[in-house]
Amino acid sequence: MRAGPTFIVIGGSAGSLQVILRILTLLDHEFKTPILIVLHRHVNADSPLEELLSFRTTLISREVEEKDRITDGYIYICPADYHTLVEKDFSFSLDDSEKINFSRPSIDVVFRSAADIYREKLLCVLLSGANADGAAGMKYAQELGGVTVVQDPADAQVPYMPQQALKMLNPDYVLESSRIAALLNSKVVV
Amino acid sequence: MENVIHIDDPEIEVLLDDFIEIYGYDFSGYSKASFKRRLQRLFIMDKMVNFAEFRYRLQNDRDYFNHAVSEISVNVTEMFRDPVFFKTIREKVVPVLATYPLVRIWHAGCSSGEEVYSLAIILKEAGILNKSILYGTDLNPNVLEKAARGIFPMTAMQQYSRNYLLAGGREDFSSYYSANYNFAKFDESLSQRMVYSTHNLVSDFSFNSFQLIFCRNVLIYFDKDLQSKVLSVFDKSLERFGFLALGSKESLRFSGIETMYEMLDGKEKIWRKFK
């Protein structure tokens with residue numbers, strides 16, 4: 001047993017939004033660990049995801065702005081059409097370089113970059129999706145000691161993304177969505 | 001998929017020092033996480049075996065270093081990127097520019113020129129291209145050659161045409177280029193008004209005064225200090241009542257010049273200098 005993570009990244013694509021909303025609804029009121037959400041979205045989708053999330057949680061939801069310092073009590077959302085990276089001083093930077101796995105934001109990019117900084121203090125979660133993004137980044141995070149959680153493909157609306165991750169690594173947890181919130185609330189992992 | 005390659009932080013510091021000492025290029029104000037990704041991408045792309053080999057090539061082969069600079073800088077761009085932004089330029093900025101006898105515009109970090117051609121089309125449609133000069137600058141000479149030629153892949157035209165219409169364009173977009181196999185060559189009436197030259201925002205100064213400066217998705221790669229420094233170069237280069245246009249995720253916050261600028265409308269990242 002060891003102390004819980006200090007940063008959580010949740011990545012998902014097709015079929016993951018409802019899961020994210022459910023997880024956030026189930027978080028304890030005292031939950032303070034900062035969460036970053038990487039969701040593949042349409043570039044022109046003007047849906048205010050921050051607002052959607054803010055109804056589900058007491059945490060403050062905010063789209064990442066470059067140079068934002070990662071702060072307890074916040075849920076950050078990766079902006080569309082940029083990659084989000086984590087800097088050594090625990091701030092975010094944005095990058096509009098090539099798509100990775102046909103995606104920008106790419107979950108691989110965020111998992112890797114967050115793992116470089118948080119290492120064993122990172123917990124990453126990969127949810128439903130129709131794309132292989134996230135698997136390689138999760139493997140990298142695991143190599144650096146991070147805790148890895150994959151949504152049970154049987155529970156995922158689109159099982160392809162979690163299945164790709166399970167092909168590439170043996171994660172610490174394979175969970176149904178309802179159990180993921182319970183794990184985050186427990187604050188003690190592995 | 002990216003492979004896992006570790007270039008660690010001390011190694012990056014070593015390369016940063018080499019780049020300054022050997023070539024005079026200073027990347028130390030770049031955001032570290034992004035710079036590291038670009039180096040790792042280069043390392044993988046060029047099939048480097050280990051850090052020593054990578055460093056040796058960078059130190060001793062000027063052509064390879066130039067190639068590295070091209071690849072480290074992000075050259076992802078498109079015509080009429082963020083169409084609503086260009087619509088605002090067309091509707092709110094261009095009418096003001098039209099009142100000047102000579103219009104000078106600077107596209108800082110213009111990469112292969114897609115943004116410059118986009119603006120030239122808007123100026124042409126407003127009837128003021130002939131009294132305008134568009135200066136395109138970039139750190140990377142390779143992309144500037146492309147920009148000066150005005151030849152872009154045909155495959156991108158469908159999207160550019162869509163962007164153009166969303167940005168308020170009313171002409172037939174294909175009338176601006178001639179298609180030749182897989183390439184679209186843009187009309188010389190557009191490029192005639194353009195001047196391209198290398199300029200390094202890290203080390204070079206203001207070189208003229210302008211009524212409009214574009215610098216979109218360049219500042220995100222810089223740390224706060226370098227951002228402030230570059231914004232003050234823009235401030236020195238911008239006439240009173242001139243416009244500054246940044247990328248959709250960039251702002252003047254922490255810059256020290258924000259008190260002299262006001263945002264044109266709530267949404268697009270366009271500021272007007274009022275002092």
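Before you select anything, here is how angles are named: under 35 degrees counts as roughly parallel, over 145 as roughly antiparallel, 65 to 115 as roughly perpendicular, and the rest as oblique. The angles themselves run from 0 to 180 degrees between N-to-C directions, and axes are lines fitted to C-alpha atoms, for helices over the stretch in contact. Helices (H or I, at least four residues) and strands (E, at least two) are DSSP runs, numbered from the N terminus.

A word on what you're looking at: this is a predicted model, in which local features need pLDDT of at least 70, side-chain atom pairs count only at pLDDT 80 or more, and totals for chains, interfaces and linings use all residues. Residues are numbered from 1 along each chain as its sequence is written, while chains are lettered from A and ligands numbered from 1 in the order in which they are written.

**Stop 1: two helices in chain A**

Select α3(A), residues 107-118, and α4(A), residues 135-143. Their axes are 7 Å apart, and the packing angle is about 10°. α3(A) and α4(A) are therefore roughly parallel to each other. Now show the side chains: from α3(A), Ile107(A), Asp108(A), Val109(A), Val110(A), Phe111(A), Arg112(A) and Ala115(A) meet Ala136(A), Gly137(A), Met138(A), Tyr140(A) and Ala141(A) of α4(A). Two residues are in contact if their C-beta atoms, placed from the backbone, lie within 7 Å. By class, this contact has 9 nonpolar, 1 polar and 2 charged residues. For those classes, Ala, Val, Leu, Ile, Met, Phe, Trp, Tyr, Cys and Pro count as nonpolar, Asp, Glu, Lys and Arg as charged, and the others, Gly among them, as polar.

**Stop 2: the next helix along**

The crossing is right-handed (left-handed would have the near helix turned anticlockwise from the far one by less than a right angle; right-handed is clockwise). Look for Ala135(A), Ala136(A), Met138(A) and Lys139(A) on α4(A), against Gln164(A), Ala165(A) and Met168(A) on α5(A). These divide into 5 nonpolar, 1 polar and 1 charged.

**Stop 3**

Go to the loop between β6 and α3 of chain A, where you'll find Pro105(A). A cis peptide bond joins Arg104(A) to Pro105(A), with omega at about 10°. Asn101(A) lies in that loop between β6 and α3 of chain A as well.

**Stop 4: where the chains touch**

Show both chains. The contact takes 21 residues from chain A and 13 residues from chain B. On the chain A side, β5 (83-86), β6 (92-95), α3 and α4 each give two or more residues, and β6(A) gives the most, with 3. By class, that side has 8 nonpolar, 4 polar and 9 charged residues. The model scores ipTM 0.88 and pTM 0.91.

**Stop 5: over to chain B**

Colour chain B by domain: domain 1 is 9-72 and domain 2 is 83-273, with bounds from an automatic or database domain assignment. Their centres, taken over C-alpha atoms, are 29 Å apart. 7 residues of domain 1 of chain B are in contact with 10 residues of domain 2 of chain B.

Last, pick α2(B), residues 32-45, and α4(B), residues 62-72. Their axes come within 9 Å and cross at roughly 125°. That makes α2(B) oblique to α4(B), and the crossing of α2(B) and α4(B) is right-handed. Arg38(B), Leu39(B) and Leu42(B) of α2(B) meet Ala68(B), Glu71(B) and Ile72(B) of α4(B).
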